[in-house]
Amino acid sequence: MCGIVGITGVEGAAGAVYKRLKLLEYRGYDSAGIASLSDGGFSLCKRRGRVYSLGGDIKHLHGKTAIGHTRWATHGKPSDENAHPHIFGKFAVVHNGIIENYAHLKDKYFSGVEFNSETDSEVAVRLLQHFYDGDILSAVKKTVKLLVGSFALVIMCSDFDGIIVAKNKNPAIIGYGVGANYCASDAPALAGLCSEITVLSDGDIAVLTSDEVTIYDGDLKRVVREKIKNPALASELDLNGCPHYMLKEIREVPQSVTKTCDAYVCTSDKLRKYLKGIERIIITGCGTAYNSGLIGKRYFESFAGIPVEVETAGEFRYKQPIITDKTAVIAISQSGETADTVEAAKLVKNLGGKVIAVTNSPYSELTRIADAVVPVEAGQEICVAATKSYTGQIAALYLLALTVAGKDVADGAKKLYSVSELTKNLIEHTDIGSLADMCARSDGVYFLGRDLDYAVATEGSLKLKEISYIPSEGYPAGELKHGTLALIDIRTTSVVIITDKSLAPKSENAVEQILSRRGKVAVITNLKDVAEELKEKALILEIPECDKYLSPILSAVIVQLLAYKTSLLLCRDPDKPRNLAKSVTVE
Ligand code: M6R
């Protein structure tokens, strides 16, 4: 959470930082700021609001070195004062993360001193100045040694025309240019600018000047870090004529499925080796990743007969999980950065277990921890709401479960290809307008289903509440009568997903129970007779028939389109929902 950028060696560096910060707004967007360094002094522009609110004011920021920040507030409300950079004495700092012991540090080193902001971050800039005796690196070393928590810090000192980056637990990358060097939270910020990057490791301190990058460990011993090709492509950041990233990314669902298939085939042998002899699986992740785990559970249990538990990473990491050498933990994360998921994976490793990462981010923290990686090839996902990464995760889990079961992966890939084709059609031809209108006028929207349909219901609900702010829940259809039915009245809409013939009569009972309480109902189904039976009573959205295990991909696209359209009807910004950020790197 929070996006940070630093540039040194570029004329008008502040303008360049501004442009790059905009590409990182998915990491947080409640306030923004840029500071530049010229003639040994700082100029600053920061305020509450999005990066564009800095607009014309940054033309007053001169110099070839600048740092910038787009914030997701943790300590201190979104405000001009709490926006980064924070400047004190000879230092300017932007920070991503949480300094957990900031109150203690403040008491110990600055008792009675009034700070300019309510942030935890300000303590870092104060400490830098406190320890500075002309040796910048020594001040940085002393400061970071005191910080407990997570941080990616980008630092300028007015005595030095360059940038210093310090990293612990939060991501930081270095980008190499010609006569200029860069740093950022994430590769997309440097897409089209740096073809080579270095992903910093925890404890690293990097010093950037216009023509050199030197990396040290926490004790200031020089270390060598690998340069890799920048995985982010500028073309992927283009909206391609779509009004929002969310729509663009839903349209990319078909290719996220096929590309994930293609990538999987290359890694399946290695994965087979890792999973040989496994008797129990635990799947963990957060939000959408957790929801795709619910689908994965069904695949492993049905195809391979292996018992699976699915736990949100935030819960799992604080339990005392029983991990044996026959347990595999599958950690799912689009970003590979989510703090709870990364910490859960570390816990498993500490307990001697195996971790398989299912991720869309090949160079993330999670991939470094994992024993094996199942790639999700969704491409860059910018919208805060996950869409194409969810369907990519489903495809990856499906193939992984076939591998574990010793079944024909090529046949599975063929089925996924054909579902991908159906998805293309569905996205193009589904008219979601009436259902979105029903939802937009409702006080509550309930998503119901059984078995795999229930798993998609949880995701439909998450998507809708996340970007429309309508209260919503996803329930197993059978649970309705155990409490939720009390919420049903004329002002509610229930979206019932019915794709399994054997369970259809049971889910139809739920529809009748809702209708009897005057609730409005929509049904997403691939069963002709269900559509026929309910067409007078409910709004029907038909999806094509396909392999029963893959219908979640098709119904997922419908609930994603529904959330998108409802959000627009309510004049929300689907790409940047309130209070949220894409990568949740704090607890
Ligand atoms: O990057 P991750 O997959 O680990 O992110 C996990 C969740 O934060 C994420 O899926 C979140 O729930 C999405 N915004 C949902 O659309």
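**Ground rules**

Residues are numbered from 1 along each chain as its sequence is written, and side-chain values use heavy atoms, with hydrogens and water left out. Since the model is predicted, local features need pLDDT of at least 70 and side-chain atom pairs count only at pLDDT 80 or more, while totals for chains, interfaces and linings use all residues.

I worked with a 1 Å grid over the protein atoms alone: a cavity is a set of points where a 1.4 Å probe fits but cannot get out, and a pocket is an open set with protein on both sides within 12 Å along at least five of seven lines. Lining residues have an atom within 4 Å of a point. Points are joined across faces, edges and corners, and a volume is the space filled by probe spheres set on them.

**Entry 1: cavities**

I looked for cavities of 30 Å³ or more and got 2. I sorted residues by class (Ala, Val, Leu, Ile, Met, Phe, Trp, Tyr, Cys and Pro as nonpolar; Asp, Glu, Lys and Arg as charged; the others, Gly among them, as polar). That gave 3 nonpolar, 7 polar and 2 charged for the largest cavity.

The second largest cavity also comes out at about 60 Å³. Among its lining residues I noted Arg450, Asp451, Asp453, Asp500 and Lys548. The classes here are 2 nonpolar, 2 polar and 5 charged.

**Entry 2: the largest pocket**

This pocket has a volume of about 990 Å³. It has 48 lining residues, and Pro231, Asn360, Ser361, Pro362 and Gln380 are the closest to its centre.

Helices (H or I, at least four residues) and strands (E, at least two) are DSSP runs, numbered from the N terminus. Domain 1 (3-236) and domain 2 (239-428) each give at least three residues to the lining of the largest pocket; domain bounds come from an automatic or database domain assignment.

**Entry 3: the second largest pocket**

I noted a volume of about 460 Å³ for this one. Of its 26 lining residues, Cys286, Gly287, Thr288, Lys582 and Val584 are the closest to the centre. Helices H7 (287-304), H11 (388-404) and H14 (452-468) are among the elements supplying at least two residues each. The second largest pocket lies between domain 2 (239-428) and domain 3 (430-574), because both give residues to its lining.
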